[in-house]
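Morning, everyone. I have one structure to walk through today.

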Amino acid sequence: MSEEKFDAIVVGAGMSGNAAAYTMASSGLKVLQLERGEYPGSKNVQGAILYAHTLETIIPDFRDDAPLERHLVEQRFWIMDDTSHTGMHYRSDDFNEQRPNRYTIIRAQFDKWFSGKVREAGGTVLCETTVTKLAQDLSGKVIGVHTDRTGDVILADVVVLAEGANGLLGTRAGLREMPKPENVALAVKEMHFLPEEVIAERFGLTEDEGCVIEAGGTISRGMAGLGFLYTNRESISLGIGCLVSGLASTMEKPYALLDAFKGHPSIRPLIAGSEVKEYAAHLIPEGGFKAIPQLFGNGWVVVGDAAQLNNAVHREGSNLAMASGRMVGESIFQIKCRGGAMTKQNLSLYKRMLDKSFVMKDLMKHKDMPALLHNNRQSFFTTYPKLISQAAQNFVRVDGTPKIESEKATSAAFIKARSRWGLVSDAVRLALAWR
């Protein structure tokens, strides 16, 4: 293989890597996809949410054979303190549509299926192959990769870095910086297995309907972080993620956070009697628009999590990853059709396509939100959740205390808890950042 030259080498077989490889292979390009795991998805056991519209633009008939779990009809948002949650939820029968909008998936199964589509399209997929470094010529242009299979260079016109948030190839080659701890979250997840009918009963679901719960509050122990629960057919994906910078400064153990979360009175009944079979940890980019690195250069491009393309505000990652993979594949194909070289100038087409898409527009819209949440984490993840819970309990508890007195106590607590910016100011800034 070292004597062959490919139009493109894709490093990684996750959402963005598969989207890029499939787009190029189905267009007739000679593509090599390299994955270090035993098979695509073997190192990614967690459940996730799939956004159908983005995948539909790549594989229109994916619903025919993709390993989908449940289509989502309900979204719950919880603000939690140590013993309670205050929440809102949205459920609509509109989501029981012929072509559902969102699904829960098991990444180990889905990534394997997606990579299989790459093979069907004519791409070459090699697993259990670690790319050790990028190959560069004397001018610094990337011309291929070195792997642990052979000491020779595998040549390609362009290398697509789809190596995830903790990918080292680009940083080792000096093409981009290592993600900062405040821009990356570590999520730990477990798979809790239950009979399909038990899951349906506990969450009020029928057939293949699904529900998602996302939660913030004291569960992250003062750090910027969120907990989540996804319903699959015969399992529940349960996890919590916090910024790496927060974990480093507090020395909190991720698995201890997860144990506390699943033991919370609001979560415990939902997973009672389940059998835990899988545990995984995963780095997630959280820095938003301001953390996006250089996305292209001479002979290389970056996609998905490696490019920090994750919308933390709306908890969207897989759709941005797939969209970036598709657009990089289309841009490389267009450059090839014009007979152009994979220079930095020509590959800037990828960035222009991204800028015109929902990916950059959404990230740009919320560019200040990550910093706002991270810099005010004590207020948003500890103080305010407790006060909200106190206000809700005062409203519903009847114990002979005049309501006017409990309301005054709640108001006094809010006033006492005001930070330097103040509760009202925090709410205003949060609303402006959201807009």
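One term before we start: buried means under 20% relative accessible area, exposed means over 50%, and partly exposed lies in between, using a 1.4 Å probe and protein chains only. This is a predicted model, so local features need pLDDT of at least 70, side-chain atom pairs count only at pLDDT 80 or more, and totals for chains, interfaces and linings use all residues. Residues are numbered from 1 along each chain as its sequence is written, and side-chain values use heavy atoms, with hydrogens and water left out.

Cysteines to begin. Cys211 is buried, at a relative accessible area of 0%. Cys242 is buried too, at 2% relative accessibility.

Next, empty space. Rolling a probe the size of a water molecule over the atoms shows where such space is left. A cavity is a set of points, on a 1 Å grid over the protein atoms alone, where a 1.4 Å probe fits but cannot get out; lining residues have an atom within 4 Å of a point. Points are joined across faces, edges and corners, and the volume is the space filled by probe spheres set on them. The whole-structure search finds one cavity of 30 Å³ or more. The largest cavity holds about 50 Å³. Its lining includes Glu286, Phe289, Asn310, Leu363 and His366. By class, that lining has five nonpolar, four polar and one charged residues. Nonpolar covers Ala, Val, Leu, Ile, Met, Phe, Trp, Tyr, Cys and Pro; charged covers Asp, Glu, Lys and Arg; the others, Gly among them, are polar.

Now Asn183. Asn183 sits in the loop between α4 (169–172) and β11 (184–193). Helices (H or I, at least four residues) and strands (E, at least two) are DSSP runs, numbered from the N terminus. Is Asn183 buried or exposed? Buried, at 17% relative accessibility. Leaving out residues up to four places away in sequence, Asn183 touches Ile284, Pro285, Glu286, Gly287, Ala291 and Gln308. Contact means heavy atoms within 4.5 Å. Glu286 also lines the largest cavity.

Last, Gly164. Gly164 lies in the loop between β10 (154–161) and α4. Beyond four places in sequence, Gly164 touches Asp305 and Ala306. Gly17 is 147 residues from Gly164 along the chain, yet their C-alpha atoms are separated by 9.4 Å.

That's my tour. Over to you.

Technical notes
1 Å grid on protein atoms, 1.4 Å probe; cavity = no way out; pocket = protein on both sides within 12 Å on 5 of 7 lines; lining within 4 Å.
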